[in-house]
Amino acid sequence: MAEHTSSSITIEAAPADVMAVIADFARYPDWTGEVKEAEVLVTDERGRAERVRLVMDAGAIKDDQTLGYTWTGDHEVSWTLVKSQMLRALDGSYLLKSAGNGATEVTYQLTVDVKIPMLGMIKRKAEKVIIDRALAGLKKRVEETH
């Protein structure tokens, strides 16, 4: 099994408010930095995204990718790579837990495998940067809007 990188942050908002921002793919270009376009291709019976096309620009890595999403209750969403130009794998998840006093602990897990050769140590550092930026952007977006 591939190693993954994980990090957590506490956001001053209820889990439902945090998940609402995570599920609003159309707004990703507003707060993620790396996502330039997001298009929901398929939704489930509850209207949640099951397949999303993302155009990414993370400096040296530019990619047009499609991810498949799985929603577990109202507190977890995971994704896996369906199609990409640059990546072999992109598996991740957000897990939300109530942190008391109306706050939410968000844990983001990510595993990335690129098609170009890359040392494991460098890949883990890149994953950590992606996670930290995403969590900081999520926190800022949720706390500004809720």
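Which residues are buried in helix 1 (residues 15-23)? Select that helix in this predicted model. Pro 15, Val 18, Met 19, Val 21 and Ile 22 are the buried ones. Look down the axis: these residues span an arc of only 155°, so they sit on the same side of helix 1. The general rule is that an α-helix has 3.6 residues a turn, so residues three or four places apart point the same way.

**The whole chain**

Zoom out and colour by secondary structure. The protein chain has three helices and seven strands. Trace the elements from the N terminus: the order is β-α-α-β-β-β-β-β-β-α. Now colour by burial. Of the 146 residues in the protein chain, 38% are buried. Next, consider contacts between residues at least 6 apart in sequence: 46% of them join residues at least 24 apart.

Select strand 2 (residues 35-43) and strand 3 (residues 49-58). The two strands pair in the antiparallel sense, over seven bridges. Start at Val 35, which faces Met 56 of strand 3 across the pairing. Then move to the turn. Five residues lie between the strands of this hairpin, and Gly 47 has a positive phi near 85°.

**Salt bridges on the hairpin**

Glu 37 and Arg 53 form a salt bridge, with 3.7 Å between the closest N and O atoms. Glu 37 belongs to strand 2 and Arg 53 to strand 3, so this pair ties together parts 16 residues apart in sequence. Glu 37 counts as partly exposed, at 43% relative accessibility. Arg 53 also counts as partly exposed, at 23%.

Stay on Arg 53. Its side chain meets that of Glu 39 in another salt bridge, at 3.5 Å from N to O. Glu 39 is in strand 2 and Arg 53 in strand 3, so the link spans 14 residues in sequence. Glu 39 is partly exposed, with 38% relative accessibility.

**Down to helix 3**

Select Lys 140 and Glu 144. These two form a salt bridge whose closest N and O atoms are 3.8 Å apart. Both residues lie in helix 3 (residues 120-145), four residues apart, which means about one helical turn between them. Glu 144 and Lys 140 are both exposed.

Salt bridges with shared partners join Glu 37, Glu 39, Arg 53 and Asp 64 into one network. Over the structure, the count is 10 salt bridges.

**The aromatic cluster**

How many aromatic pairs does a search of the whole structure find? There are eight. Centre on Trp 79 and Tyr 108. Their ring centres are 5.6 Å apart and their planes meet at 70°; planes over 60 degrees apart count as edge-to-face, so this pair is edge-to-face. Trp 79 is in strand 5 (residues 76-83) and Tyr 108 in strand 7 (residues 103-114), so the pair links distant parts of the chain, 29 residues apart. Trp 79 and Tyr 108 are both buried.

Definitions and conventions:
Residues numbered from 1 in each chain as written. Predicted model: local features only at pLDDT ≥ 70, side-chain atom pairs only at ≥ 80, totals over all residues. Heavy atoms only, no water. Phe/Tyr/Trp six-rings, centres within 6.5 Å; stacked < 30°, edge-to-face > 60°. Buried < 20%, exposed > 50% of the residue type's maximum accessible area, 1.4 Å probe, protein only. Salt bridge = Lys/Arg side-chain N within 4 Å of Asp/Glu carboxyl O. Arc of directions from axis to C-beta. Pairing = 2+ DSSP bridges. Contact = heavy atoms within 4.5 Å.
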